[in-house]
Amino acid sequence: MGTYSLDLCGRNFSLETGEIARQASGAVLVRYGNSAVLVTATMSDEPREGVDFFPLTVDYEERLYAVGRIPGGFIKREGRPTEKAILAARLTDRPLRPLFPKKFRNAVHIVATVLAVDQDCSTEIMAVTGASAALSISKIPFDGPVAAVVVGLIDGEPVINPTVEQMKKSNLNLIVAGTEDAIMMVEAGANEVPEEKIIQAIFAGHEEIKRLVLLQKEMVQQEGVPKVEVPVEKPDLSLKQDAINFIDEPLDRALRIKEKQAREKELGDLKKQMLEELIEKYPEQEMELSEVFEEHVKRKMRDMVLHENIRVDGRKPSEIRPVSCKVRLFERTHGSALFTRGQTQVLNVCTLGALRDVQVLDGLGIEETKRFMHHYNFPPYSVGEVGFMRGPGRREIGHGALAERALEPMIPDENEFPYTIRLVSEVVESNGSTSMGSVCAGTLSLMDAGVPIKKPVAGVAMGLMKEEESTVILTDIQGIEDFLGDMDFKVAGTVDGITALQMDIKIKGLDRNILEQALAEAKKGYLFILEKMLSTIDAPRPELSPFAPRIITMQISVDKIRDVIGPGGKMVNKIIADTGVEIDIQPDGKIYIAALDSDAGEKAKKMIESLTADVEPGKIYLGRITRTEKYGAFAEVLPGKEGLIHISELDHRRVERTEDVVKVGDEVLLKVTDIDEKGRINLSRKDVLPPPENGEQGAGGYNKEKRRRPAERKHKP
C-alpha cells in the first residue's frame, strides 16, 4: 500500500495502491485535483486457444454520481456507454496495445471507473496513465510505463493540462501519450493551427510525460511483482524455409497486382496452395504455416517500399490515388456528395434541422447538447464481405468522431446559421483511410447543402516504413500499408492550418525529424485533394435546398416570453397548429421559427409579433368584440390584449343597449384613448367614426358637457 505523487501543472497528481480492488492483477486509484479514477488490470490464467491476436479489452465506465447527478429515464441507472466513454476507452487502448509481447495471447481486461470529476482535470488522460500504472505493478507482461497529458495552445504557446477557462482561449486540444523515450499516440482537434505549432505542442507534452513515467517507475520499485514469462516458441526452421521456398516467387508477383480484390484473391489462393502442399509434412502445424505466410507477405511488401521505392499498387511513396468528386446526387436530401479516392469511396448526406433537433448529452462533461453531428457507417459490403448489420461499434464511433472534429471548427456559428446539422458518411467501398474520405465527403456535402462553412476541409492518411536507417513516409495509405506499416497518421485541415490529427505508432521511437517530415507531406497531400474537391464545387451554394426548413430568427423581450407561450402553452401551440411550423423559444428571448413553407414562417412571425406588441395610446386597431355588458363592450385589439369600450364611446348618438351597436365576434375599428395606471385599456369606437353632419348629436344624443356629473355642472360659472 502506498501513495506516489507529484505537482502536475499546479495540481496534485497521485497514484494510490493496495487499498481498493485487491483481487485484480493490478489496481491503482488515480487522483488529479478533485478528479478520481479507479483503474484495474486483470489477466486470464491461460492463453486463449486458437487465436492469432492479443485479446485486450478496455472499458471506460462513467458514473453520473461522479458529477453529482442521477441518471435520467425510468430505470435510473447507467446504461450502455456514451460516445465519449467509448472514445476514452479507445484512447486508453491505443498507446498500450503495441507494448505487449508479440506472441502474448492471454486475455487482458482493463477497466477505468470514473469516481469523481473535476472538470479542470481530465479523467481521460488519468485513465491512460492509471492503466499503465496498474499494468506496470502487476504480473502482466508490459513494456511500459506510458502516460498522457492534454496540451492547449494559448497565445501561440503550449499549455499543459489547461483548465476549462484556459481551454476556451485555446486553438488546440491535443492529447499526447508516450513512454519515457517515444511518442506512442497523438489525438488532436485544432482551429487551423500551423504544423510547426503542432510539433511544438507534442514535444512540450512529452516533457511532462517523462515526469509521470518516472513516478510510475518509482511505484514499480516499491509495489511491483515479477512478470509472467511469455513462452518463446523456437521457430521450426525447416518449416519456415519450406514455406518460403514455395511462396517466395509467386508472392512477389501477387503483391504487384494493383487491384485490391484481385491481389487478395491471389494471396488467398497462394496461401491455400501452400497449406495443401505442406500440411502432410507438417501435420497439426497449420497455424505456424499461416504465420510464416503472413510474416513473409509483410517482409516482401516492406522490401518493395524500402528498397524499390514502389508500393503494391504501383504508386510512388508521395503519390495519391486518383480522386473524383460528385455533389447533388439526390434532389430530396438537403445536401449530398460522393468522394472517391482509388478504391475508397464515401457517400455523405447532409440534413438540416431546427435547433430543437440538437443531440442531448447525458454524460460527465460540461456540454449538455451538440448542434453539429457526424455519423460514420461501415457496412461489410464495402470490403466485399458478408456480415451482420448491428449498431455502430467502437471503430465506427471513433472514425465518426475524428471526422466531426476535423469539420467542426469550420461550422458557422449558431447566430449566423441557426440550424442543427447532421452529416452521415456511408462507406460504400474501402481500401484505407475512410475517416479522411469522410472529411472530404462531409465538406462537399455541407457546401452542396448551402451551409456557409468558413473554409473547406480535406484530409489524408499517412504511413511509415522504418527499419534501421531506412525510412519511407507514405502518402494516402491503403489497407495493407496500414496493417503492415509502422504508423497510421491522419491529418485534416484547410489551406491555413490543421483542424484534426490522429497518430498511432507501432514501433518504439519516432524522432522529431520524421514527425515534421510526415506533417509536411500530409499538408501537401490534403491540399492536393482539396484542389480536386474545389474543382467540383468551390463554395457553398447560395440557396438552401427547397426541401430544407427555412429558419426565421426573432428577438423579443424576456418578459414577453410568457405572452408567446400562453397559459399551458396555449398561444404557441395555436401558432404551431395554424401554421405547421416548429418554434424554439430560448431563455434569452430569441425565437427560431422553422418552416418548410416560407409563407407559413412569415405568418407565424406576424402572429408572434402581435402577441408581443404593446398597445399604444392614440393608435387605431381592428378589434374583435369578446363580450358585452350593460355599461359597454370588451374588445381584443391584439392577441391577449383586451380593452373596454364604454357605452358612451360606442357612437356619437346616445346608445341605450350595447347590443344595438356591437355583438360578440364583430370586428370593429377602435382607437385607444388611454391606458390607466393599472394597465387597463380604454377604447373608443366613436372617435374613429365620421363626425355627425353640422355637429349635431342626433336624436337623444349628448355631448361631453351633458356627461359631466351634476356637481360639475352646478359649480360651473
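E284 is exposed, with a relative accessible area of 80%. Exposed here means over 50% relative accessible area, buried means under 20%, and partly exposed covers the range in between (1.4 Å probe, protein chains only). The phi of E284 is positive, at about 60 degrees, although E284 is not a glycine. E284 sits in the loop between α6 (260-278) and α7 (286-308). Helices (H or I, at least four residues) and strands (E, at least two) are DSSP runs, numbered from the N terminus.

This is a predicted model, in which local features need pLDDT of at least 70 and side-chain atom pairs count only at pLDDT 80 or more, while totals for chains, interfaces and linings use all residues. Residues are numbered from 1 along each chain as its sequence is written, and side-chain values use heavy atoms, with hydrogens and water left out.

D155 also has a positive phi, near 55 degrees, and is a residue other than glycine. Its place is the loop between β7 and β8 (157-160). D155 counts as exposed, at 76% relative accessibility.

Now turn to the interior. In soluble globular proteins, nonpolar side chains tend to be buried together.

What does I110 touch, leaving aside its neighbours within four places in sequence? Its contacts (heavy atoms within 4.5 Å) include V39, T40, A41, L56, T57 and V58. D59, L96, A131 and L135 are also in contact with I110.

Helix α2 spans residues 123-137. It has 15 residues and reaches 21 Å from its first C-alpha to its last. That is close to the 21 Å expected at 1.5 Å a residue, where the expected span is 1.5 Å times one less than the number of residues. Helix α2 is mostly covered, with 15 of its 15 residues buried. The loop between α2 and β7 (147-154) holds P145. The peptide bond from G144 to P145 is cis, with omega near 0 degrees.

Next come the aromatic rings. The structure holds 8 aromatic pairs. Rings of Phe, Tyr and Trp (its six-membered ring) pair if their centres lie within 6.5 Å; planes under 30 degrees apart count as stacked, over 60 as edge-to-face and the rest as tilted. F54 and F100 form a tilted pair, 4.5 Å centre to centre, with 45 degrees between the planes. This pair links distant parts of the chain, 46 residues apart. F54 lies in the loop between β4 (35-47) and β5 (56-61), and F100 in the loop between α1 (83-96) and β6 (106-116). F54 counts as buried, at 10% relative accessibility. F100 is buried too, with a relative accessible area of 7%.

F100 also pairs with F142, again tilted, at 5.4 Å centre to centre and 50 degrees between the planes. F142 lies in the loop between α2 and β7, so this pair ties together parts that are 42 residues apart in sequence. F54, F100, F104 and F142 form one aromatic cluster.

Two arginines complete the tour. R395 lies over the face of F378, at 4.2 Å from the ring centre. R627 lies over the face of F634, at 3.9 Å from the ring centre. A charge sits over a ring if NZ of Lys or CZ of Arg is within 6 Å of the ring centre and within 35 degrees of the ring normal.
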